[in-house]
Amino acid sequence: MSIPTGMKMYNSQLSPFAARCRAAIYAKDLDVQFIDLADPAHDEAFGRIAPMRKIPVLVDGETVVPESETICEYLEDKGQGRSLRPDSPAARAKMRLVARIADQYVMEPMGKLFGQINPSSRDPQLVAREIVELRKAMAWIEHYIEGPEFAVGGQFTLADCELVPVLFFFNEIGPMFGQARPFQELPRTESYFKAIGKYPAAEKVLSELHQALKRMMAG
């Protein structure tokens, strides 16, 4: 039975940022209500509490927490469920480093590429530039990730919560730009991605992302 929290989170199933938070929620076995912003009935209430109007947003009573990294840290600080931080300061630093590389340096070029998936309106120069940046950032992930089962510290941590949706989109977007094997030069990251997909929280998030992407591509 999940741990009651009384919390709710404004969510989008295809958002990698919301998926990061769902991974933490599932791993901690927390009972959190997800509010899908695809439903316009929730738009007005969302605008009142979230002036940034960005997904996700966590609501815990009178406390409103935007931004995925802040939400994950807030859930950790609440102390409910298992900890998703390693024990040692060195492992915690590495966890934060891996998550930051993925969030800041992988997601930025990948987000720009996602806006170019339609070949008929594609900007070839932009695509070439962002693929270079994406490959560079992914090489950093390859360097720092530990694996084989978990990103850091031999346990499921906040780094895994970040990497699971990021690597999902990296794997999906590669073939759209002629890269049939996106992980070809990233053997450690590829092995990790295959292994982490068997962890229950990651498996659930990956299934949700697959279904949401399938719906989006179907129009």
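**Exercise 1.** What is the volume of the largest pocket?

*Solution.* The model is a predicted one, in which local features need pLDDT of at least 70 and side-chain atom pairs count only at pLDDT 80 or more, while totals for chains, interfaces and linings use all residues. Residues are numbered from 1 along each chain as its sequence is written, and side-chain values use heavy atoms, with hydrogens and water left out.

Step 1. On a 1 Å grid over the protein atoms alone, a pocket is an open set of points with protein on both sides within 12 Å along at least five of seven lines; a cavity is a set where a 1.4 Å probe fits but cannot get out; lining residues have an atom within 4 Å of a point. Grid points are joined across faces, edges and corners, and a volume is the space filled by probe spheres set on the points.

Step 2. The largest pocket has a volume of about 260 Å³.

Step 3. Its lining consists of F17, R20, K54, I55, P56, E67, S68, E69, D103, Q104, M107 and E108. Helices and strands are DSSP runs numbered from the N terminus (H or I, at least four residues, for helices; E, at least two, for strands). Helix 1, helix 3 (68–78) and helix 4 (89–114) each contribute at least two residues to this lining, and helix 4 provides the largest share, 4 residues.

Step 4. For residue classes, Ala, Val, Leu, Ile, Met, Phe, Trp, Tyr, Cys and Pro count as nonpolar, Asp, Glu, Lys and Arg as charged, and the others, Gly among them, as polar. The lining of the largest pocket accordingly has 4 nonpolar, 2 polar and 6 charged residues.

**Exercise 2.** Which residues line the second largest pocket?

*Solution.* Step 1. The second largest pocket holds about 210 Å³ of space.

Step 1. The residues lining the second largest pocket are R135, M138, F170, Q179, R181, P182, Q184, E185 and L186.

Step 2. By class, these are 4 nonpolar, 2 polar and 3 charged residues.

**Exercise 3.** How many cavities of 30 Å³ or more does the structure hold?

*Solution.* Step 1. There are 2 cavities of 30 Å³ or more.

Step 1. The largest cavity contains about 50 Å³ of space, and around it lie L113, I131, L134, F170, I173, G174, F177 and Q179. Helix 5 and helix 6 (158–173) are the elements giving two or more residues to this lining. The lining of the largest cavity divides into 6 nonpolar, 2 polar and no charged residues.

Step 2. By class, the lining of the second largest cavity has 5 nonpolar, no polar and 1 charged residues.

**Exercise 4.** In which sense, parallel or antiparallel, do strand 1 and strand 2 pair?

*Solution.* Step 1. Two strands pair if DSSP finds at least two bridges between them. Strand 1 (residues 3–11) and strand 2 (residues 30–36) pair in the parallel sense over 7 bridges. The chain passes from strand 1 through helix 1 (residues 16–28) to strand 2 in a right-handed β-α-β crossover. Right-handed means that, with the strands pointing away from the viewer, the path from the first strand over the helix to the second runs clockwise.

Step 1. Opposite residues in strand 2 are L30 for I3 and D36 for N11.

Step 2. Strand 1 pairs with strand 3 (residues 57–60) in the antiparallel sense over 3 bridges; V59 in strand 3 is the bridge partner of K8.

**Exercise 5.** Is I141 buried or exposed?

*Solution.* Step 1. Buried means under 20% relative accessible area, exposed over 50%, and partly exposed in between (1.4 Å probe, protein chains only).

Step 1. I141 lies in helix 5 (residues 124–144). With a relative accessible area of 2%, I141 is buried.

Step 2. Contact means heavy atoms within 4.5 Å. Leaving aside neighbours within four places in sequence, I141 is in contact with V98, I101, A102, V106, L163 and T189.

Step 3. E130 is also placed in helix 5 and counts as buried, at 6% relative accessibility. With neighbours within four places in sequence left aside, the contacts of E130 are P109, K112 and L113.
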